[in-house]
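Subject: Structure for your attention

Dear colleague,

Please find below the sequence and structure that I am handing over to you. My account of what was found follows directly after.

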Amino acid sequence: MIVRKSITVAALLLGMGCAVSMTPEQKATHQIFVEVAHHCESRFHTIHVDQVDLEGGLKISSDADSRTEYRAFVGCYVDGLKAHAEARRKAGLEVPEALTRQPDVELE
């Protein structure tokens, strides 16, 4: 379990490697994607986030023969992004378009 989490964290950080050339707004939005993906991964233990792209798209994998949580995981991720967008809207902050789009979630 600890090894799997370390791999996931390493993959997320590797995906963030290009964050050096991002604007502060892009970095903040990407951080939201990572946080929401991590939250959902912690709820659905058979789903593992392998990569979070700059537009909020995910590459995920699942334990052998346990793809039944895919739809629930995607729902968690989409709902989490919507919640962040709504919280920003209520706070009078700009809502990045990337938080309002339907993200691509690819199960490998």
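How many disulfides does a search of the whole structure find? The search finds one disulfide, a disulfide being a pair of cysteine sulfur atoms within 2.5 Å.

Some notes on the source are needed before the details. This is a predicted model, in which local features need pLDDT of at least 70 and side-chain atom pairs count only at pLDDT 80 or more, while totals for chains, interfaces and linings use all residues. Residues are numbered from 1 along each chain as its sequence is written, and side-chain values use heavy atoms, with hydrogens and water left out.

The disulfide joins Cys40 to Cys76, with an S to S distance of 2.2 Å. The link of Cys40 and Cys76 is left-handed, with -90 degrees about the S-S bond. Because Cys40 lies in helix 2 and Cys76 in helix 3, the pair ties together parts that are 36 residues apart in sequence. Helices (H or I, at least four residues) and strands (E, at least two) are DSSP runs, numbered from the N terminus. Cys40 counts as buried at 0% relative accessibility, and Cys76 counts as buried at 9%. Here, buried means under 20% relative accessible area, exposed over 50%, and partly exposed in between (1.4 Å probe, protein chains only).

Helix 2 comprises residues 24-43; at 1.5 Å a residue, its 20 residues should span 28 Å, and its end C-alpha atoms are 29 Å apart, which agrees. The expected span is 1.5 Å times one less than the number of residues. Among the buried residues of helix 2 are Phe33, Val36, Ala37 and Cys40.

A search of the whole structure also finds one aromatic pair. Phe44 and Phe73 form this pair, which is edge-to-face, at 6.4 Å centre to centre and 80 degrees between the planes. Rings of Phe, Tyr and Trp (its six-membered ring) pair if their centres lie within 6.5 Å; planes under 30 degrees apart count as stacked, over 60 as edge-to-face and the rest as tilted. Phe44 lies in the loop between helix 2 and strand 1 (47-52) and Phe73 in helix 3 (residues 70-90), so the pair ties together parts that are 29 residues apart in sequence. Phe44 is buried, with a relative accessible area of 10%, and Phe73 is buried at 0% relative accessibility.

Turning to the strands, strand 1 and strand 2 run antiparallel and are joined by five bridges, whereas strand 2 and strand 3 (residues 105-107) run parallel and are joined by three. Two strands pair if DSSP finds at least two bridges between them. Lys59 of strand 2 is the bridge partner of Gln51, and the bridge partner of Lys59 in strand 3 is Glu106. Four of the five residues of strand 2 are buried, so strand 2 is largely enclosed by the rest of the structure.

Yours sincerely
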